[in-house]
Amino acid sequence: MSDTVVPVPPEVANGASIDAEKYEAMYKASIQDPVKFWDDHGRRLDWIRPYSTVRNVSYSYPDVQIEWFGDGTMNVAANCIDRHLENRAEQTAILFEPDDPEEEAQHISYAQLHAEVSKFANVLKTLGVRKGDRVVIYLPMIPAAAYAMLACARIGAIHSVVFAGFSPDALADRVNDCGAKLVITADHAPRGGRSTPLKTNADKALRRCGDDVKLLVVRRTGEQTTWVEGRDFHYETLAAIVEPECKPEEMNAEDPLFILYTSGSTGKPKGVVHTSAGYLVYASMTHEHVFDYRDGEVYWCTADVGWVTGHSYIVYGPLANGATTLMFEGVPTWPDASRFWQVVDKHKVSIFYTAPTALRALMGKGDQWITKCDLSTLRILGTVGEPINPEAWNWYHRVVGKGKCPIVDTWWQTETGGILISPLPGATPLKPGSATRPFFGVNPVVLDDQGNELEGEATGVLAIKDSWPGQMRTVWGDHARFVSTYFEMFKGYYFSGDGCRRDADGYYWITGRVDDVINVSGHRMGTAEVESALVAHEKVAEAAVVGYPHDIKGQGIYCYVTLMEGVEPTEALRKELSDWVRTEIGPIAKPDVIQWAPGLPKTRSGKIMRRILRKIAENDTGALGDTSTLADPAVVDDLVANSAHKQ
Ligand code: 6R9
């Protein structure tokens, strides 16, 4: 951790929406009187029926309840599109940069967005989708993904976007869990010069879903796909015949907007539910202030719409603010390692928001990929998804930002809906590696293991003392799981699952997960998910999975596998298991290391001691700690002797 402090450059503070003094005053007001604060800021939306109640929140276990602006009505899509038509109909809303740099970029104005989303909404209606129905979106990073999301919002359907890198099985699980009526996909997904057969994946998934689930196929590459008559529909055919106008549905503030599946420390991924108004107030307000967004600027978040970052900071936040949001279909390293910087150059990007893992990968390719591009339009840089190491931070600041762009290191989660801890460019002196200070209305605390609040400089777990409008409301179909995951261990708080340190200046340094969730290239993965994929293989008797430090990915996936009696541990089998996990979950879950484990370290009650497995994976075997409670301490010696570090 570094002690360096990077002051706010005067030219950044100048004209920023929030300076240091304003931050202190607004932050204090937001904590002292949250009702007054959010009563004022909730009005940033256009309401159909304005709210009279600001909040109705109880963190009291087990009767947790969270409501914001509960008696107001509005429509999210109208707030992201219609209300901008008066003043910015011709301004670009979505700037689409395709995977292939030879293919032309598209500038979609707010007027065009309005027409496209209205049409899409009418297509959904034609297929029988109604208010409250669930629609799964399995699309590449193309404008149709944003149209589909906004079309659902327009008619009050609840979308659940599934990252296009997920396998057919993962897709089927999500379709079934939320009871979706319709899946929206594309023929193929081009990415990095390769193409994923999305429609084929969706076909495989739907074999595991109810017969009544329909499939809407958007044309992306035009390649041939198989077709199931009566179940499959071409988007373009229907779009050509529907009405062009679609009146936005009047939605209650607390009607669900979307479900997004995310990994936890146990069991299957859970469907995080976000509702309409509070989510949009929070996403738009954080987008405006954390990125100091100014009218007319091109803003680029490199995430995928399959993750929460894509929801809040490609689609909902920027569009609610009338911004120009860049959507990029490709990858940072194709056709070469200058792709990101060429896009910044070509589209004169002012604000650039990406993940540390991408920065580490690009840093390794050398500075020449950057210096040949004109990055002079860049004003603000951001990171999200995992802690950023000081080397990557310094490189980002010096080489990409030429030492003049503040870096906003934004800490938040799928569950939080928007950024909770982050610098504000015009207000917060930076410390490389620290997410710095809380956003308005966010009251973080550091707790010890017993749940006591620690004062001043402290290390412990990060919890939030009170609700903010963007907070998730429940787990789809399982409110008890919501309560037990986030509110049981530390009563009266929202428990984040992250560890953290607060320094003498009140800055927060996130140290990573304290549960069995690992963070691979900024993607969250439950070790339990990888384990259950492994044990589903007929040759595997038992498996334990932990994270270990990885230079590029942040964390890598280290698997200990015990084979069935009589099965030979061969290199071919190692590859087979690795491919197996890849097809069961998706490429992001592919194991980095598989170590054969004749036995796993267990307590006498049969609990796997992950602490020990983590140490071996981290190659920190001098500090294995107390192994006396193990049923068979000898297994540890075998694992240490045969660890990947000893090979
Ligand atoms: C937005 C997003 C959430 C987990 C979170 C934490 C890690 C995210 C971070 C960060 C350190 C940051 N995380 N941002 N850690 N510094 N700036 O990433 O959501 O996919 O749900 O992941 O990611 O561990 O708990 P999600």
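A residue is called buried here if its relative accessible area is under 20%, exposed if over 50%, and partly exposed in between, using a 1.4 Å probe and protein chains only. Tyr-494 falls in the buried class, with a relative accessible area of 0%. The structure is a predicted model, in which local features need pLDDT of at least 70 and side-chain atom pairs count only at pLDDT 80 or more, while totals for chains, interfaces and linings use all residues. Residues are numbered from 1 along each chain as its sequence is written, and side-chain values use heavy atoms, with hydrogens and water left out.

Tyr-494 is a handy way into the strands. Helices (H or I, at least four residues) and strands (E, at least two) are DSSP runs, numbered from the N terminus, and two strands pair if DSSP finds at least two bridges between them. Strand β25 covers residues 494-502 and is joined by six bridges to strand β23, residues 458-464, with the two running antiparallel. Across from Tyr-494 in β25 stands Ile-464. Both strands belong to an open sheet of five, ordered β22-β21-β23-β25-β26, with antiparallel pairing. At the edges are β22 (453-454) and β26 (508-513), each with a single partner strand, so one side of each has no neighbour in the sheet.

Strand β8 gives a picture of parallel pairing. β8 pairs with strand β6 (residues 134-138) in the parallel sense over four bridges, and five bridges join β8 to strand β11 (residues 214-218), again running parallel. Thr-185 of β8 takes part on both sides: Tyr-138 has Thr-185 as its bridge partner, and Thr-185 in turn has Val-217 in β11. In a regular strand, side chains alternate between the two faces of the sheet. For β8, Leu-182, Ile-184 and Ala-186 are on one side and Val-183 and Thr-185 on the other, and all are buried. That makes five buried residues out of five for β8, residues 182-186.

Next come the aromatic rings. Rings of Phe, Tyr and Trp (its six-membered ring) pair if their centres lie within 6.5 Å; planes under 30 degrees apart count as stacked, over 60 as edge-to-face and the rest as tilted. The count by this rule is 40 aromatic pairs. One of them is the edge-to-face pair of Phe-291 and Tyr-299, at 5.4 Å centre to centre and 65° between the planes. Phe-291 is buried, at 0% relative accessibility, and Tyr-299 is buried too, with a relative accessible area of 0%. Tyr-494 turns up again in a pair with Tyr-486: the ring centres are 5.5 Å apart and the planes at 20°, so this pair is stacked. Tyr-486 counts as buried, at 3% relative accessibility.

Ring pairs also build a cluster, whose members include Tyr-23, Trp-38, Trp-68, Tyr-282 and Phe-440. Two rings have a charge over them, meaning that NZ of Lys or CZ of Arg is within 6 Å of the ring centre and within 35 degrees of the ring normal. Arg-174 lies over the face of Phe-166, at 4.5 Å from the ring centre, and the charged end of Lys-491 sits over the ring of Tyr-61, 4.6 Å from its centre.

Trp-68, from the cluster, is found in strand β2 (residues 65-68) and is buried, with a relative accessible area of 0%. What lies 400 residues away in sequence but 8.4 Å from Trp-68 in space, C-alpha to C-alpha? The residue is Trp-468. Its backbone oxygen lies 3.3 Å from a polar atom of the Trp-68 side chain. Leaving aside neighbours within four places in sequence, Trp-68 is in contact (heavy atoms within 4.5 Å) with residues including Trp-38, Val-54, Glu-254, Trp-468 and Arg-473.

Thr-357 lies in helix α14 (residues 356-363) and is buried, with a relative accessible area of 11%. Not counting residues up to four places away in sequence, Thr-357 touches Glu-386, Ser-521, Gly-522, Ile-552 and Lys-553.

An unreviewed entry lists "domain: Acetyl-coenzyme A synthetase N-terminal" over residues 23-80. That span is 40% helix and 17% strand, with its end C-alpha atoms 26 Å apart. "Domain: AMP-binding enzyme C-terminal", also from an unreviewed entry, is listed for residues 529-607, where the chain is 27% helix and 32% strand and the end C-alpha atoms are 17 Å apart.

Note on methods: UniProt positions renumbered as here; feature names shortened; annotations may be inferred. Polar contact = N/O pair within 3.5 Å; in protein donor to acceptor, adjacent residues only side chain to side chain.
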